[in-house]
Amino acid sequence: MSYILALDAGTGSVRSVLFDLKGNQVGVSQVEWTHLSDEKYPGSMDFDYNNNWKIVVNCIKSLLTESRIDPKDIKAISATSMREGFVLYDKNGIEIWACANVDSRAYEEVTYLKNLDSNLEQKIYEISGQTFALGALPRLLWLKNNKPDLYEQAASISMINDWILYKLSGKLNVDPSNGCTTGIFDLRKRNWTSVATDLCGIKSSLFPPVKEAGTIIGYVTDEAAIQTGLTPGIPVISGGGDAQMASVGVGAVNNYETVISGGSFWQQEVNIDTPITDPECRIRVNCHSVPNLWQIETIAFFPGLIMRWFRDAFCDSEKEEAILTGRDPYEILEEKAKDVPVGSNGIIPIFSDVMNYISWRHASPSFINLSLDPLKTGKKELFKSLQENAALVTFGNLKLIEEVTGFFPTKVIFAGGASKGKLWSQTLADVLGVPVKVPVIKEAAALGTALFAGVGVGIYSDIKEAVKSAVKWERTHYPNMSNHTEYLKIFERWKNLYKEQLRLADNGLTTHMWKSPGL
């Protein structure tokens with residue numbers, strides 16, 4: 001038997017996922033991790049590469065132990081990760097500094113860059129499809145200003161999935177679908193550009209080679225084999241960003257196919273065959289992991305993390321029941337919430353806003369319009385309202401893409417952990433008013449990564465063949481159009497209320513859930 005190993009380093013956890021050559025998941029190991037802030041630097045989110053590598057190693061070891069396979073049967077390895085987080089290395093290839101994805105410590109640097117040239121961010125956006133909100137440029141400038149010794153030592157940069165592959169193979173490369181999220185890529189050329197670094201006063205000597213997904217970059221080293229239990233010499237294949245790999249893992253490898261990835265963040269991805277940008281810089285544009293395709297992307301902040309917070313803060317009894325019955329606590333919560341009416345008896349959650357990439361911020365987290373009637377406002381109603389809220393933000397983001405492109409999907413693909421929920425999937429269909437297709441493999445980023453690994457070693461001739469042989473569908477949810485009509489009204493109410501809540505945060509009366517540096 002032959003296998004492919006995919007490593008998926010998300011915001012909330014790292015996974016080792018084993019697939020057979022037909023795309024069937026045959027083993028998985030998952031460990032939650034956190035990315036801690038440094039109290040000296042408000043908004044910081046450090047990536048602890050020393051401890052996190054130990055977590056990756058243990059994740060691989062656990063998978064090998066639990067699956068009981070012979071490591072020699074693994075034919076290829078690749079990795080995907082949260083985007084925007086990056087690692088810096090010195091001239092000897094030793095890690096010296098790293099941050100996770102929504103690190104926002106570079107507040108003063110963004111302010112400086114905007115004051116330097118009021119059109120600078122738009123110029124960089126037109127080249128790269130990225131703003132300063134999540135990009136690497138302000139963070140590199142922060143390092144230059146605050147830790148100049150480390151900045152001077154820095155000789156190379158990579159994304160976190162590339163870091164994992166480097167630790168396994170000793171070869172440092174960057175792929176376009178994650179590398180482009182630095183804001184230092186020419187979107188159309190799918191490669192680094194010194195134009196962006198020159199505009200921001202950052203050195204342009206940090207750029208390692210760019211390898212498209214599915215390219216062999218090296219082989220598992222003896223040292224990595226000793227650490228992980230893998231066999232030396234297994235081919236290591238270039239991977240990509242999690243949202244782009246998730247798109248591949250659900251078969252979205254053609255123009256205008258639309259994917260919603262429901263993880264810690266929710267991404268809405270629309271494939272395009274020609275890169276375009278928004279004149280108002282509200283949406284993001286990335287390289288797809290598929291060559292000659294790009295993606296318009298919008299993002300909802302934290303739906304998965306918010307649901308985990310709700311579970312851990314309020315749902316001890318469901319967690320205990322889950323342990324006793326061997327079920328998922330979210331499944332139990334969905335059962336309890338299935339008869340909650342559309343609109344959750346008027347509860348309006350305030351968490352993520354619709355995307356505005358050039359001025360990206362979110363109001364203070366809250367539940368609005370609660371009733372004191374315990375039969376109308378309780379745990380199940382709050383739970384259902386959070387599911388509805390994620391779907392409403394998704395609808396708002398897709399309408400924003402429609403405003404720019406004229407395109408609104410006639411169907412969407414829903415993947416990631418949230419798609420396991422049948423109630424959540426149906427709610428999404430009702431809110432969007434279009435069918436929602438759910439694949440068999442929910443952890444689609446790992447599958448897409450495995451398929452590109454298979455392409456790299458010749459198991460599949462190309463990614464379209466890989467998708468055709470591996471992607472299978474579990475179910476389709478069709479919208480209840482009566483519910484959809486109600487949700488259109490709720491969306492308008494939520495949107496107007498959100499403006500008021502955002503105003504409170506902007507005026508300092510409440511605290512933003514998150515805001516990009518410089519705002």
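# Reading ring pairs and helix packing

Tutor: Start with a charge over a ring: K399 lies over the face of F408, 5.3 Å from the ring centre. To count, NZ of Lys or CZ of Arg must be within 6 Å of the ring centre and within 35 degrees of the ring normal. This is a predicted model, where local features need pLDDT of at least 70, side-chain atom pairs need 80 or more, and totals for chains, interfaces and linings use all residues. Residues are numbered from 1 along each chain as its sequence is written, and side-chain values use heavy atoms, leaving out hydrogens and water.

Student: Which residue lies over the face of W473?

Tutor: K437 does, at 4.1 Å from the ring centre.

Student: How is a pair of aromatic rings described?

Tutor: By the distance of the centres and the angle of the planes. Rings of Phe, Tyr and Trp (its six-membered ring) pair if their centres lie within 6.5 Å; planes under 30 degrees apart are stacked, over 60 edge-to-face, the rest tilted. This structure holds 29 aromatic pairs. Take W309 and F351: the centres are 6.3 Å apart and the planes at 55 degrees, so the pair is tilted.

Student: Where do W309 and F351 lie?

Tutor: W309 is in helix α11 (residues 303-314). F351 is in the loop between β16 (348-350) and β17 (361-362). The pair therefore ties together parts 42 residues apart in sequence. Helices (H or I, at least four residues) and strands (E, at least two) are DSSP runs, numbered from the N terminus.

Student: Is F351 buried or exposed?

Tutor: Buried means under 20% relative accessible area, exposed over 50%, partly exposed in between (1.4 Å probe, protein chains only). F351 is buried, at 5%. W309 is partly exposed, at 39%.

Student: What about the rings of F310 and F314?

Tutor: Their centres are 5.4 Å apart and their planes at 45 degrees, so this pair is tilted. F310 and F314 are 4 residues apart in helix α11, about one helical turn. F310 is buried, at 1%. F314 is partly exposed, at 44%.

Student: Which residues do ring pairs link into a cluster?

Tutor: F265, F301, F302, Y357, W360 and W514.

Student: How are two packed helices described?

Tutor: By the angle between their axes and the distance between the axes. Helix α15 (residues 422-432) and helix α18 (residues 481-506) pack at about 70 degrees, with their axes 7 Å apart. Axes are lines fitted to C-alpha atoms, for helices over the stretch in contact, and angles run from 0 to 180 degrees between N-to-C directions.
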